[in-house]
Amino acid sequence: MLDIQNISKTFEKGTVNEHVAINNLSLKLEDGEFVTVVGSNGAGKSTLFNAICGSFMVDEGHIFLDDMDITYKSEHSRAKMIGRVFQDPMKGTAPNMTIEENLALAYTRASKQSPFSRAITKKKIQFFRENLARYNMGIEDRMKTKIGLLSGGQRQVVTLLMCTLSIPKLLLLDEHTAALDPATAEKVMDITKTIVQENNITTMMITHNLKQSLTTGTRTIMLDSGEIILDLSGEERKNTTMEDMIKMYSMKKQKEFDNDRILLSQ
Ligand SMILES: Nc1ncnc2c1ncn2[C@@H]1O[C@H](COP(=O)(O)OP(=O)(O)OP(=O)(O)O)[C@@H](O)[C@H]1O
């Protein structure tokens, strides 16, 4: 499904600030896998997502999605196949447009409907409303509210729906619950799991919560200096604790795991 072959990315090449953010990284995901991504500060997690989405072209290597070589495809054309939810609830939506306008726009774009069918029909509104009502966030009765007026949690749920009403080939969750209060974060996480499982969506999720990285999804990878240094799944993953992961890191890298945010989120 996703096949990343030996990609590398160096920022500010040839300057004193030259930095290798992704270093000859390869990763293969099967259909329906849900991979959590952890790593120390600056490990390259967001850069990996940016490379997959086409925010920049990689310097070397290739990226395939369902056997299609997307390495040189624009970010815009990849967005039709890849959904992404960011940490910042302000990202990914048009704050001055209403909930139904945002949903209609995303749905039309992803489901490859003709621009002439952008019209927000009663049928579409009913479809959006039914989907929102399932998640008990009190959004379904506010379809004509500007999305910028919603709470962070409500916005993340709308963004999740915008990315998944038309099922993407790949869903990237970039710490999408990190800016929410703990109770809301848990609720949004539960909704995320429901959407992913019901639709069998191949998913990657960056998290700073080591426990969550082991208990959510089917596989955990740890990045460091732009390389995958741990890749856990099946029984091995089941038998691994947070402490084991930190120990494995220290043994491999001969240094302490450097991430304040992770230590705070036991
Ligand atoms: N556009 C850019 N220009 C220059 N350097 C960049 C750019 N994007 C990322 N980097 C650098 O690449 C490295 C990896 O950054 P990245 O944001 O991917 O880390 P991360 O693992 O997501 O970290 P964090 O958990 O702290 O968000 C960092 O050293 C960062 O400063």
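**Questions on a predicted model**

User: Does Asn102 count as buried or exposed?
Analyst: The relative accessibility of Asn102 is 3%. This is a predicted model, in which local features need pLDDT of at least 70, side-chain atom pairs count only at pLDDT 80 or more, and totals for chains, interfaces and linings use all residues. Residues are numbered from 1 along each chain as its sequence is written, and side-chain values use heavy atoms, leaving out hydrogens and water. Buried means under 20% relative accessible area, exposed over 50% and partly exposed in between, with a 1.4 Å probe and protein chains only, so Asn102 counts as buried.

User: Which residues does Asn102 touch, not counting residues up to four places away in sequence?
Analyst: Asn102 is part of helix α3, residues 99–110; helices (H or I, at least four residues) and strands (E, at least two) are DSSP runs numbered from the N terminus. Contact means heavy atoms within 4.5 Å. Leaving aside residues up to four places away in sequence, Asn102 touches Thr93, Ala94, Met97, Ile147 and Met162.

User: How many helices and strands does the protein have?
Analyst: Helix α3 has already come up as the place of Asn102. For the whole protein, the count is 10 helices and 10 strands.

User: What radius of gyration does the protein have?
Analyst: The radius of gyration is taken over C-alpha atoms, and the globule rule is 2.2 Å times the number of residues to the power 0.38. With 266 residues, a compact globule would come near 18 Å. The value for the protein agrees with that, at 19 Å.

User: What share of the residues of the protein count as buried?
Analyst: Asn102 is one of the buried residues. Over the 266 residues of the protein, the share that counts as buried is 49%.

User: In what order do the four strands form an open sheet?
Analyst: Two strands pair if DSSP finds at least two bridges between them. Strands β1 (residues 2–11) and β4 (residues 60–65) pair over five bridges in the antiparallel sense, with Asp3 standing opposite Phe64 in β4. The pairing in the open sheet is antiparallel, and the order is β2-β1-β4-β5. The edge strands, each pairing on one side only, are β2 and β5 (68–69).

User: Which residues does Val20 touch, not counting residues up to four places away in sequence?
Analyst: Val20 lies in β2, which covers residues 19–29. Val20 has a relative accessible area of 39% and is therefore partly exposed. Apart from residues up to four places away in sequence, Val20 touches Lys9 and Thr10.

User: What is the phi of Asn24?
Analyst: Asn24 is found in strand β2 and counts as partly exposed at 46% relative accessibility. Although Asn24 is not a glycine, its phi is positive, about 50°.

User: Where is Asn200 found?
Analyst: Asn200 also has a positive phi, near 50°, in a residue other than glycine. At 53% relative accessibility, Asn200 counts as exposed. Its place is the loop between α6 (182–199) and β8 (203–206).
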